[in-house]
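Q: I have a model open and want to go through it piece by piece. Can you take my questions as they come?

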Amino acid sequence: MATVFLSIPLRRYTDGESSAEVPGATLRALVRNLNERYPGIAESLVNPEDTDRLMPGLAAIVDGEPTNMGLLTPLDEHSEVHFIPAISGGAGRLGGSRCV
């Protein structure tokens, strides 16, 4: 079974548990099984307008790598999955500061 690590906003569904062992050959199957254990959590994970994708603003990291296949991402039996708020931004200017 994969180990799922849940961000703080998702822990409201899990009575505060930060991780769970959940079966699933794909991220979609894992989310389905996670929702069976913690009813309602899928509503915070799956985009209702495109059910192959996560909610906007949410990222899944599988075995240390960001997913690029959405819920179609394959999982290994011992995968580690992290659901975290997506981080956005870009390269900014240093405002004249220089490292020497």
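Q: Let's start with Tyr 13. Which residues does Tyr 13 touch, not counting those up to four places away in sequence?
A: Tyr 13 touches Tyr 38, Pro 39, Gly 40, Ile 41 and Ser 44. Keep in mind that this is a predicted model.

Q: How many Å separate the C-alpha atoms of Tyr 13 and Tyr 38?
A: The separation is 5.8 Å, while along the chain Tyr 13 and Tyr 38 are 25 residues apart.

Q: And where is Tyr 13 found?
A: In the loop between S1 and S2. Tyr 13 is partly exposed, with 22% relative accessible area.

Q: Step back a bit. What does the secondary structure come to?
A: There are 1 helix and 5 strands. Read along the sequence, the pattern is β-β-α-β-β-β.

Q: Which residues of H1 are buried?
A: Leu 27, Ala 29, Leu 30, Val 31 and Leu 34.

Q: What do those buried residues of H1 pack against?
A: Against strands S1, S2, S3 and S5.

Q: What about the protein overall, how much of it is buried?
A: Of the 100 residues, 32% are buried. The exposed surface comes to about 6600 Å², and carbon and sulfur atoms supply 52% of that area.

Q: And the contacts, what share join residues at least 24 apart?
A: Counting contacts between residues at least 6 apart in sequence, 47% join residues at least 24 apart.

Q: Changing topic. How many salt bridges are there in the whole structure?
A: The search finds 2. In one of them, Asp 52 pairs with Arg 28, and the closest N and O atoms are 2.1 Å apart.

Q: What is the relative accessibility of Asp 52 and of Arg 28?
A: Asp 52 has 32% and counts as partly exposed. Arg 28 is partly exposed too, with a relative accessible area of 28%.

Q: Which side chains meet in a salt bridge at 3.2 Å, N to O?
A: Those of Asp 50 and Arg 53. Asp 50 counts as partly exposed, at 30% relative accessibility.

Q: Asn 47 next. Is Asn 47 buried or exposed?
A: Asn 47 counts as buried because its relative accessibility is 12%, and buried means under 20%.

Q: Where does Asn 47 lie, and what is it in contact with?
A: Asn 47 lies in the loop between helix H1 (27-37) and S3. Leaving aside neighbours within four places in sequence, Asn 47 is in contact with Arg 53, Leu 54, Met 55 and Pro 56. Arg 53 is also the salt-bridge partner of Asp 50.

Q: And Thr 73, buried or exposed?
A: Buried, with a relative accessible area of 8%. Thr 73 lies in the loop between S4 and strand S5 (80-85).

Q: What does Thr 73 touch, not counting residues up to four places away?
A: Ala 25, Thr 26, Leu 27, Val 62 and Thr 67. Leu 27 is one of the buried residues in H1.

Q: Now backbone angles. What is phi of Asp 15?
A: Near 55°, a positive value in a residue other than glycine. Most residues other than glycine have a negative phi.

Q: Where is Asp 15 found?
A: In the loop between strand S1 (2-6) and strand S2 (19-22). Asp 15 is exposed, with a relative accessible area of 77%.

Q: What about phi of Asp 63?
A: Near 50°, which is also a positive value in a residue other than glycine. Asp 63 is found in the loop between strand S3 (58-62) and S4. At 42% relative accessibility, Asp 63 counts as partly exposed.

Q: One last topic, the surface. Which residues form the negative patch?
A: Asp 63, Glu 65, Asp 76, Glu 77 and Glu 80 form the patch.

Q: Where is Glu 65 found, and is Glu 65 buried or exposed?
A: Glu 65 is found in strand S4 (residues 65-66). Its relative accessibility is 53%, so Glu 65 counts as exposed.

Methods: Residues numbered from 1 in each chain as written. Predicted model: local features only at pLDDT ≥ 70, side-chain atom pairs only at ≥ 80, totals over all residues. Heavy atoms only, no water. Patch = residues over 30% accessible without salt bridge, like charges linked within 9 Å, V, L, I, M, F, W, Y side chains within 5 Å. Areas by Shrake-Rupley, 256 points an atom, 1.4 Å probe, with all protein chains shown as cover. Salt bridge = Lys/Arg side-chain N within 4 Å of Asp/Glu carboxyl O. Lys, Arg positive; Asp, Glu negative; His and termini not counted. Charge placed at Lys NZ, Arg CZ, Asp CG, Glu CD. Helix = DSSP H or I, 4+ residues; strand = E, 2+ residues; numbered from the N terminus. Buried < 20%, exposed > 50% of the residue type's maximum accessible area, 1.4 Å probe, protein only. Contact = heavy atoms within 4.5 Å.
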